[in-house]
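I opened the model to look up its salt bridges, aromatic rings and nonpolar cores. My entries follow in that order.

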Amino acid sequence: MIYIETESELKMKRILAAVTVGALCMALVGCGALSGIGAMLVGNGERSNFIVDPSLHVLEDMDEFGVYEDGKAILMPEEMGDGMDIGIAFNKPYSGYFGKYYTGKEYDFRGRDITTKRGIGIGSTMEEVIEAYPDVAIGLRRENGELPYICDISAAQAEYRIRDYEDEEPYFKIERYETRDGELLSTAGFLAYVYDNGLSGNYVVNHMEEYFESIWTISFTVKDGVITHIGISSETL
C-alpha cells in the first residue's frame, strides 16, 4: 500500500503555513551541519520547526517527480494532469483509481516494479533512501498529524528522528515549490518565503497561484525501517 495526501493532511499543510502570521523566530545554533533553526508557534502552543542547512537542496530536475521502471521513465509529471491534488499512488498504480478526478494520461502499472527516479519503491529500506537522497531537504511528519512537523532535514536525520515513533508509520516529504520568479524552494524555503516577504500565511495558502508556478511532492511512509507507501502529487494552481 502507498500513501497519498488526504484532506486532513492537506489541511495540516495549510495550518503549518498559516501560522507564519504568528510568532516566527530565527536563531543561530551550533549543532554540527545545522546552521540555523526557526520555530513557528502554532495554536495549541506547540512548535513546528524548520532548519536552515545549506548542505541540503531542493530537487531541481522535474524528472525526479516521474515514475520509473528499471531506470526508465514510464510516466512523467506533465503527463499526470491535475485536479484534486492528484498525482500517483504507488499502492494504486492505475489512473482509474482516481475516477473522474484524474485528468492526465491513463496508466496501469499494476504488477510492475515502479520506483522513483532514484530507485526507491515499496519495500526499499531507509538506508537505501539515505543513500539515494543524501543531501535533499526533507520534511518529517508523524502519521497522526501531530506536531512538531520538522523540516528541512536530511534523510539520515529523518531516520534518526523516526526512531522516536516506533509504534506509528511516520511519513516524510520532499517538496519543490517554484515561485512565479522561477526560484525553487524547499518546505522550509516556502515558510521562510512567507515570513521574509511579510505575507499573510492564510492569504498565501488560499491564493497559491499568485505566488507559485508549481508545487510538487514525493511522500514516503516508513514502518520498521522499510518504505510502505509512496505518492507523487502536485498542488493544483
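I count a salt bridge when a side-chain nitrogen of Lys or Arg lies within 4 Å of a carboxyl oxygen of Asp or Glu. The model is predicted, so I note that local features need pLDDT of at least 70, side-chain atom pairs count only at pLDDT 80 or more, and totals for chains, interfaces and linings use all residues. Residues are numbered from 1 along each chain as its sequence is written, and side-chain values use heavy atoms, with hydrogens and water left out.

**Salt bridges**

I get 8 salt bridges by this rule. I looked up Asp-108 and found its side chain in a salt bridge with Arg-110, at 2.6 Å from N to O. For burial I use relative accessible area: buried is under 20%, exposed is over 50%, and partly exposed is in between (1.4 Å probe, protein chains only). Asp-108 is partly exposed at 40%, and Arg-110 is partly exposed at 49%.

I then checked Glu-64, which forms a salt bridge with Arg-118; the closest N and O atoms are 2.8 Å apart. Strands here are DSSP runs of E, at least two residues, and helices are runs of H or I, at least four, numbered from the N terminus. Glu-64 is buried at 7%, whereas Arg-118 is partly exposed at 30%.

**Aromatic rings**

The charged end of Arg-110 sits over the ring of Tyr-94, 3.9 Å from its centre. The rule asks for NZ of Lys or CZ of Arg within 6 Å of the ring centre and within 35 degrees of the ring normal.

I find 14 aromatic pairs in the structure. Rings of Phe, Tyr and Trp (its six-membered ring) pair if their centres lie within 6.5 Å; planes under 30 degrees apart are stacked, over 60 edge-to-face, the rest tilted. Tyr-193 and Phe-212 are a tilted pair, 5.5 Å centre to centre with 55° between the planes. Tyr-193 lies in helix α4 and Phe-212 in strand β11, so this pair ties together parts 19 residues apart in sequence. Phe-212 is buried at 0%.

**Nonpolar core**

A nonpolar core is a set of buried Ala, Val, Leu, Ile, Met, Phe, Trp, Tyr and Cys residues joined through side-chain atoms within 4.5 Å. The largest has 36 residues, and Phe-172 is one of those touching the most other members. β11 gives the most to this core, with 4 residues. Apart from this core I note another, of 15 residues, including Tyr-177 and Leu-185.
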